[in-house]
Amino acid sequence: MPLCLAAGTLAVALGWDQFTLAWTHSIEKIRWEEDYRVEAGALLLTEARIRGSGAGMEPPDGARLDAQGVWHYRPALPPLPALRLTQSPYTAGYELCHDGRCRPLADFMPGLQDGVIVAAPCSSESTTRPSSAATTRAPGPSTSTRWD
C-alpha cells in the first residue's frame, strides 16, 4: 500500500512504502527525523533521530549518540493509522524525504494553504485518498539535509 496525502479537497498518492518525516523544533531550532514504513494498512515508525537536545526534548533511554552529534533511537509505538501534520505560517514546515532527497511537504500539495495534511496508507479502493483520517500525535515541523 503506498503513502497518500490529503488536505481538504486535495489528495495525492506518492507510491512510497518508506519515507522520512523531518522538521525543525520551533523553539530549540533542532532538527528531528522519523522513518516510517507503510505496512499492513498502517504507518510503522522504525527509527527516529534528533540532532542535539534541548528543553523538554531529551533523547529517550537507550538512544545512542553518533559521531556527528545525532541521537538515534527506536520508538516503541504501535502501528499508526495516520499522521496529522499542521501547516502553519508561524513555524517551518515539515519535509518528506525519500531515496535520500528531502522536499517540503507543501510541495506535494500544490495550492495548499495553512491547515492539516493527513499522511496515511492509501485505501484499497483508491490510490488518491488515505485509508483513514484517524488522528495520531502530530510531531512538530524542517530544513533540508537528511542524516543516516
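Predicted model: local features only at pLDDT ≥ 70, side-chain atom pairs only at ≥ 80, totals over all residues.
Good morning. I begin with an open sheet of four strands, in the order β2-β1-β11-β8, whose pairing is antiparallel. At its edges stand β2, residues 10-13, and β8, residues 83-87, and each of these pairs on one side only. On average, and with direction ignored, neighbouring strands of this sheet are turned by 20 degrees against each other.

Which residue of β11 is the bridge partner of R84? That partner is V118.

Now to the chain as a whole. How many helices and strands does the chain hold? There are zero helices and 11 strands, so to speak of its architecture is to speak of strands. Read along the sequence, the pattern is accordingly β-β-β-β-β-β-β-β-β-β-β. The chain has 148 residues, and buried residues make up 43% of them. Its accessible surface comes to about 7500 Å², with 50% belonging to carbon and sulfur atoms.

A second open sheet is built from seven strands, in the order β6-β7-β5-β4-β3-β9-β10, and here too the pairing is antiparallel.

Is D35 buried or exposed? Its relative accessibility is 12%, and D35 therefore counts as buried. The side chain of D35 is joined to that of T20 by a polar contact of 2.6 Å.

I turn next to the covalent links. A disulfide is a covalent bond between the sulfur atoms of two cysteines. The structure holds two of them, and with bonded cysteines counted along the chain, they follow the pattern 1-4, 2-3.

The link of C4 and C122 is right-handed, with 95 degrees about the S-S bond. C4 is buried, at 0% relative accessibility, and C122 is buried as well, with a relative accessible area of 0%.

The other disulfide joins C97 and C102, whose sulfur atoms are 2.1 Å apart. The torsion about its S-S bond is about 105 degrees, so this disulfide is right-handed. C97 is buried, with a relative accessible area of 1%. C102 has 17% relative accessibility and, since buried means under 20%, counts as buried.

What of the interior? In soluble globular proteins, nonpolar side chains tend to be buried together. In this model, the largest nonpolar core has 29 residues, of which L5, F19, L21 and L96 touch the most other members. Which elements give two or more residues to this core? They are β1, β3 at 18-24, β4, β5 at 42-50, β8 and β11. The most comes from β5, which gives four residues.

Finally, I draw your attention to two loop residues and their backbone angles. Most residues other than glycine have a negative phi. A40, however, has a phi near 50 degrees, a positive value in a residue other than glycine. A40 is placed in the loop between β4 and β5, and with a relative accessible area of 84% A40 is exposed.

D99 also has a positive phi, near 55 degrees, and is likewise a residue other than glycine. Where is D99 placed? D99 is in the loop between β9, residues 95-98, and β10. At 69% relative accessibility, D99 counts as exposed.

That concludes my presentation. Thank you for your attention.

Note on methods:
Residues numbered from 1 in each chain as written. Heavy atoms only, no water. Pairing = 2+ DSSP bridges. Disulfide = S-S within 2.5 Å. Buried < 20%, exposed > 50% of the residue type's maximum accessible area, 1.4 Å probe, protein only. Polar contact = N/O pair within 3.5 Å; in protein donor to acceptor, adjacent residues only side chain to side chain. Axes fitted to C-alpha atoms, helices over the stretch in contact; angles between N-to-C directions. Core = buried A, V, L, I, M, F, W, Y, C linked by side-chain atoms within 4.5 Å. Areas by Shrake-Rupley, 256 points an atom, 1.4 Å probe, with all protein chains shown as cover.
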